[in-house]
Structure formats: C-alpha cells, structure tokens
Amino acid sequence: MMGKSESISLILALLLLCGCNFSKKDEASTEKTKPNILLIAVDDLNDWVGVLGGHPQAQTPNIDQLASRGMLFSNAHCQAPVCNPSRASLMTSLYPSTSGIYFLNPDISESPVASQTTVMPKRYQQEGYQVFGAGKLFHNAKGLNERHVPNYAGQFGGFGPVPEQKISDYPGHPLWDWGVYPERDELMPDYKIASWAEKELMKEREQPFWMGVGFYRPHVPQFVPQKWFDMYPLETLQLPRIIEGDLNDIPSYGKDVTRLRHVSPSHEWVVENKEWKALVQSYLACVSFVDEQVGRVLEALDNGDYGENTYIVFFSDHGFHIGEKERHAKRSLWEDGTRVPFIIAGPGIKKGKVCTKPVQLLDLYPTLLELSNLSADTKHEGNSLVSLLQNPNNNWPYYARTNFGPGNYAIISEQYRFIQYNDGSEEFYDHRSDPNEWNNEIDNPDYGVIIQKHRAQIPQNRYRILGEGSTGHLSYGASEKNNAKR
C-alpha cells in the first residue's frame, strides 16, 4: 500500500504525462490551423484583364471572380520589367538596385547581397510548411526553380510545344512567334501544370502548405489551340489606342533603352506587315486560355479541404506592350511595362475591394509573413500590405519603384509617374488627365513641387550590374554607348 507522499508523487506524474499529451495535441492542432499559401504566377500578363479594363474585349471570368472574393491592387508594379529580376525581387523582397540583379542573369545565388537572404519558399519550409511548386516561379533558366523551390515538380514543357517551322513571318528570335498551335489544350504545359495542381490540392496533408503554380502563357510564343482564337474574331478586334508622334517628347535615352538590341518586332515592322491585329488576337487568346487554367486551380482548392484556410495570391511578373508607346514586349518604364495584375484573397480579407495605392511585388513577401503570423525579416525592403487589406483607404506613404538597369527608374504614386534615365533626362505623367501617358509634363512648372517629391525617391546607392550577355545587358550597354556619343 502506497504512503501519502507516494500517492501525491504518482498523481503529479500522471498529471504531467497528461499535460505533455495535451501539449502535443495542441501543437498538432496549431499546425493544421496555420494558413496555407497558394501563389499563382502568370508570365507577361499586362492589364488586359476584365477587372483592370486594359482591353475592352478581354475575357477573363476566373481572374475576375478571384478579384471579387479578395482585394484587387489596381496600381501594382513590378521592380523590373524583365522576368528574372522581377521574380528575384519578389522572392527576396530586395530591389534590383540592392541585389545587382537587373536583367535575365545572374541567379540569386550569384549575388553577394541576395544570396545572404532566404527566398520565400525556403523560409516557409523552415517554418514547418510543406513546400512544393511547378511551372515558372523563379526565372526559367535551367535549374533555378529546382534550386529555390523544395519538391519542385517540373516545367511540364515550359514555353512549348512549338511547330517545326515558325507560323508567323517574323524573322527574329525563335520565341517570337504567334498563331494557332497545338490542336488540344491537353498538349499545353499550362494545362498540365493545372492538372498537377488539381491533384496536389486533393491530397490530405498534416502540415500547412506553401504551393507555387507558375503559368507560362501569355509569354511568347503566343500559341494556343483554335478555340481560344475563335473567342476573338479578327474583324471585331479593337487595337490599342495610340497617337501619332507619341515619342516626340520622349528623351533620346528613353527611346534607345526601349529599342536598341531588343529581340521583339518593332512597331514599324508590325504595322508594315499588317500583324498588329494578329498579335492582339494571339495575346488575348493566350490570356483567356491561362484564365481557364487559373479557374481550374481555384475550383480544385474550393472543392478540397483547404479553401477556407488558404491565402491566394495572383500576380504577373511585369507588364507587356502590344503597340502602346509604339513598341511591343516588355522592358520599358512606362505604365504598360511596369503595371501588373495583383490580387490577394483569403481568410479575413475584404471581398470585392479595390486598392488604388501604389504597391509593389516586393511587398508580397513581408505581407505573407504577417498574414501567416511569422516574424518579419529585417533585410526585406518591401512593406506589408496588411493595413491595406484591412482598409484599402488607409494611409500609405510609400511609392512604387521600377528600374531597368542602374540609373533608369520609374517612381509611381497614386496619380503620377516620374521617370529618370541614367543620363539625367526625365519624363512625368499625370494619370488623372493622361492615363495613356501621351503628354510628358516634365517641363510644366505647375508640377514642380510634385516632381521634386518623386525625384527624391530615386535611390542614390546602386549596386553594380551583375551577369552579362542577356538582351537587357545589351540594350542597356547600347543606350550608354549612344549617350556617350551625344
């Protein structure tokens, strides 16, 4: 028979054991209630989305529906109008001028600054999340997604498939092609990526997850099956609005950096060869195709177990010109080059709201950390958007900033765009009276104080250019060479 002291010791031991068991159960419960993250990236998507109104005929019902269930940031901008630096900036929350990653190379791991940071998927893995992804999340160069995304499932064909011979008559870069191809959606990499995502979202998981889904269209080559072209008959298509002599008030450096050594067709070639409507049609067809794939992913999320506890982020890595400012493709500091679709939806986020404050893709990383109740990273240069998610009209003292090589910057506020080039020449636009950026007001004294406020946002510390040989490197170098001759 136990003595009194022995009985008390046994009771305490049992209570301690029970407490340990309850703690483990509570810990498991907490793990399951952590929010999931679903990142949906689209390559080269501009504002030709229904809710953004960039093209009146764009049909994007699934992206529009996502905006209705969350917050649309209608004044969101990339940090570089090129794939690699934009995605590197988003995944590290560092400006290109801080990391030295300005163009299509190098990778984050080759930047002395960026390599000292933890990229977003790795951070979530460290925090106990199950991390996985597919498609284009980081730049598409060989091995980059595998290096930075744990459990990466693959590209599923990347920019393919491609026909044996080009469909268009454009004689330039092989990726610059457009037309009807292939025969079925099922042959498209983006369709396969959406199918992969559908399966992943039906799996039962013990850990919270961070999932990245990166779609390739509407990036060139602008190929999709016939049914998507049928949505946009050529004879009914509206072309983007432009004015004659739009570039007359653009500095010479601004013209050079958007034209010299680029691989896309010039607007002159497009018009002379009567390909403008074909390019508009193929782009819109690709946009509607990728919208369908986005819808499939969202439907799978809603039909599974994770819809109520998942933050959904939808974004593009930069904008894209289709004749605006007399140019095609990306790599510009104008509105069509920097503005991106950006939507956040999920638990506690107001539905159907639109925020017009100037925000940036590098704000996403600190935002998700706060939404996930994870500690902030002091290295991050972005600002959490949680206050705007709570109220889109909250005070927001920040500007958005985009650059294309050191010295070339766009500074964007809620109403204005200021551009400064490396030779000191400048542009300034008032979007309230001039949404198409047709009139450079840099010499208008009425804007003097406002211009100075924007000019003050230009960074004085600029990391040297890393990497070499890409289109951006060549274009920047050619612009500098031309400027030296003047």
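Helices H2 and H11 are oblique to each other, a class left for angles that are neither under 35 degrees (roughly parallel), nor over 145 (roughly antiparallel), nor 65 to 115 (roughly perpendicular). This is a predicted model, in which local features need pLDDT of at least 70 and side-chain atom pairs count only at pLDDT 80 or more, while totals for chains, interfaces and linings use all residues. Residues are numbered from 1 along each chain as its sequence is written, and side-chain values use heavy atoms, with hydrogens and water left out. Helices (H or I, at least four residues) and strands (E, at least two) are DSSP runs numbered from the N terminus.

**Helix packing**

- Helix H2 (residues 61–68) and helix H11 (residues 276–303) pack at an angle of about 50°, with their axes 7 Å apart; axes are lines fitted to C-alpha atoms, for helices over the stretch in contact, and angles run from 0 to 180 degrees between N-to-C directions.
- Pro 61, Asn 62, Ile 63 and Leu 66 of H2 make the contact with Asp 291, Glu 292, Gly 295 and Leu 298 of H11, where contact means heavy atoms within 4.5 Å.

**The seven-stranded sheet**

- An open sheet of seven strands has the order E4-E6-E1-E8-E11-E2-E12, with mixed pairing; two strands pair if DSSP finds at least two bridges between them.
- Strand E4 (130–135) and strand E12 (353–355) are the edge strands, each pairing on one side only, and neighbouring strands of this sheet are turned by 15° against each other on average, direction ignored.
- E4 and strand E6 (residues 209–215) run parallel and are joined by six bridges, with Gly 214 in E6 as the bridge partner of Gly 135.
- Helix H7 (residues 189–200) lies across E4 and E6, and runs at about 165° to E6.

**Strand E11 and its neighbours**

- Strand E11 (residues 342–345) is covered on both faces, with Phe 342 and Ile 344 buried on one side and Ile 343 and Ala 345 buried on the other; buried means under 20% relative accessible area, exposed over 50%, and partly exposed in between (1.4 Å probe, protein chains only).
- Strand E2 (residues 70–73) runs antiparallel to E11 and is joined to it by three bridges, and Leu 72 stands opposite Ile 343 in E11.
- Strand E8 (residues 310–316) pairs with E11 in the antiparallel sense over four bridges, and the bridge partner of Ile 312 in E11 is Ala 345.

**Aromatic pairs**

- The count comes to 23 aromatic pairs, taking rings of Phe, Tyr and Trp (its six-membered ring) as paired if their centres lie within 6.5 Å, with planes under 30 degrees apart counted as stacked, over 60 as edge-to-face and the rest as tilted.
- Phe 103 and Tyr 476 form a tilted pair, because their ring planes stand at 50°, with the centres 6.1 Å apart. This pair links distant parts of the chain, 373 residues apart, with Phe 103 in the loop between helix H4 (96–99) and helix H5 (120–126) and Tyr 476 in helix H16 (residues 471–485).
- Phe 103 is buried, at a relative accessible area of 1%, and Tyr 476 is also buried, at 9%.
- Phe 428 and Tyr 447 have ring centres 5.3 Å apart and planes at 55°, so this pair is tilted. Phe 428 is buried at a relative accessible area of 0%, and Tyr 447 is buried at 12%.
- Ring pairs link Trp 48, Tyr 170, Trp 176, Trp 178, Trp 269, Tyr 283 and Phe 320 into a cluster.
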